[in-house]
Amino acid sequence: MTLRAVIASLIGAGVLVFTITGVVAQSPTERAIDDADLKSGYDFQSEDTRALQDDDFANPGFLWVDKGAALFSEKAGKNDRACTTCHTDTVRSIKGAAARYPSVDEKTGQLINIEQRINLCRERHQQAEPLSYESEDLLAMTAYVAHQSRGQPFNAKTDGTAQSHFEAGRDYYYARKGQMNLACHHCHEWNWGQMLRGDRLSQGHGNGYPAYRFEWQTIGSLHRRLRNCDKGVRAEPLPFGAQEYVDLELYLAWRASRLTLETPSVRR
Amino acid sequence: MTVRLSVPQSAKRGDVIEIKTLISHQMESGFRRDAFGEVIPRDILKEFRCVYDGQTVFRAELFPAISANPFITFHTVATVSGELEFVWTDQNGVVTRETASIEVT
């Protein structure tokens, strides 16, 4: 069956389900892809792209990791403190921290991702202006922090205070949206490995972000990628840092949890 | 501008050494248009050179078709201990310099 036929049948099936039940089908609670079949986006790249990611010198994402490392030890804000004032290799180390995100901030009860954690630290501890989402500096710091967890599997908390966010993220994942009336799982669970025009559909894991994409000619956040997905199904993309995307990040972390972080990854 | 350099710390005289360079630059081609249909002005690096022992051992001209964050790798012969200077010049003459030293025995 061609992909066009698959999409047509998906849309047809959607209309059918909608008319029969009148409600959105309930989101599954178990992982749809077996652990043995889990594949990182890395596995869907060409040999050249994989080689570029594997080379810690040539991988252009490291330009941002390097910049982030410099920013991390640079003093900022009214308190004249750097990140390294609080975070050293032994005290409050950020090694492995990114693998536990998104995480619920105890003070506000909000689920936040790495970008938002960096900005919270800036506001609370450095009394500095938050960095705008997708700015070069925030991308660099996020890439640096996430890189400190490279090789570790996702380990974000999905129960307790995070549970409602996890469920909201899962519902977003399985909700049809846009003019194409497609949900995330139609591509990334039912059709991964198939061709979509010139691209091979991946399983849609976020374990390499922020990632250097050739398409962007720069590094970008996971939210930028999610916005592209929303545009791809002709849905209105949500703003950077939207709570729905952070909730979705948590769901994505859970469904990828056997995979290890690769930041900075290289994607087509 | 972030620069990454890979130069061997030491080499034997006469050895062919591999040098790798990476620089962050958007290399805006001047052919793209923004959301309002306006041309995004060209902003590119025009030249890269490597100077070793007072001599230019490698020089490259860069053009709009070269992708962002140019990665340039080349080989030269280790002759004397000292510094290698790497110079990137953009279209407005703004220069970015980095140096690396090598020990030749």
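Student: How many residue pairs does the rule find in polar contact across the interface of chain B and chain A?
Tutor: This is a predicted model, so local features need pLDDT of at least 70, side-chain atom pairs count only at pLDDT 80 or more, and totals for chains, interfaces and linings use all residues. Residues are numbered from 1 along each chain as its sequence is written, chains are lettered from A and ligands numbered from 1 in the order in which they are written, and side-chain values use heavy atoms, with hydrogens and water left out. A polar contact is a pair of N or O atoms within 3.5 Å; within protein, one must be able to donate a hydrogen and the other to accept it, and residues adjacent in sequence count only if both atoms are side-chain atoms. With both residues at pLDDT 80 or more, the number of pairs across this interface is 5.

Student: Which strand gives the most to the side of chain B that touches chain A?
Tutor: Strands are DSSP runs (E, at least two residues) and helices likewise (H or I, at least four), numbered from the N terminus. Strand 1 (3-6) and strand 3 (16-23) of chain B each give two or more residues to that side. With 4 residues, the one that gives the most is strand 3 of chain B.

Student: Which residue of chain B meets A:Asp55 in a salt bridge?
Tutor: The rule wants a side-chain nitrogen of Lys or Arg within 4 Å of a carboxyl oxygen of Asp or Glu, and the two chains share 2 such bridges. For A:Asp55 the N to O distance is 3.9 Å, and the partner is B:Lys20.

Student: About how much area do chain B and chain A bury between them?
Tutor: Buried area is the accessible area (1.4 Å probe) that two parts lose on being put together, summed over both. Carbon and sulfur atoms carry 61% of it here, and the total is about 1,000 Å².

Student: How many of the 12 residues of helix 6 of chain A are buried?
Tutor: Buried means under 20% relative accessible area, exposed over 50%, partly exposed in between (1.4 Å probe, protein chains only). Among the buried ones are A:Leu138, A:Met141 and A:His147. Helix 6 is mostly covered, and its buried count is 10.
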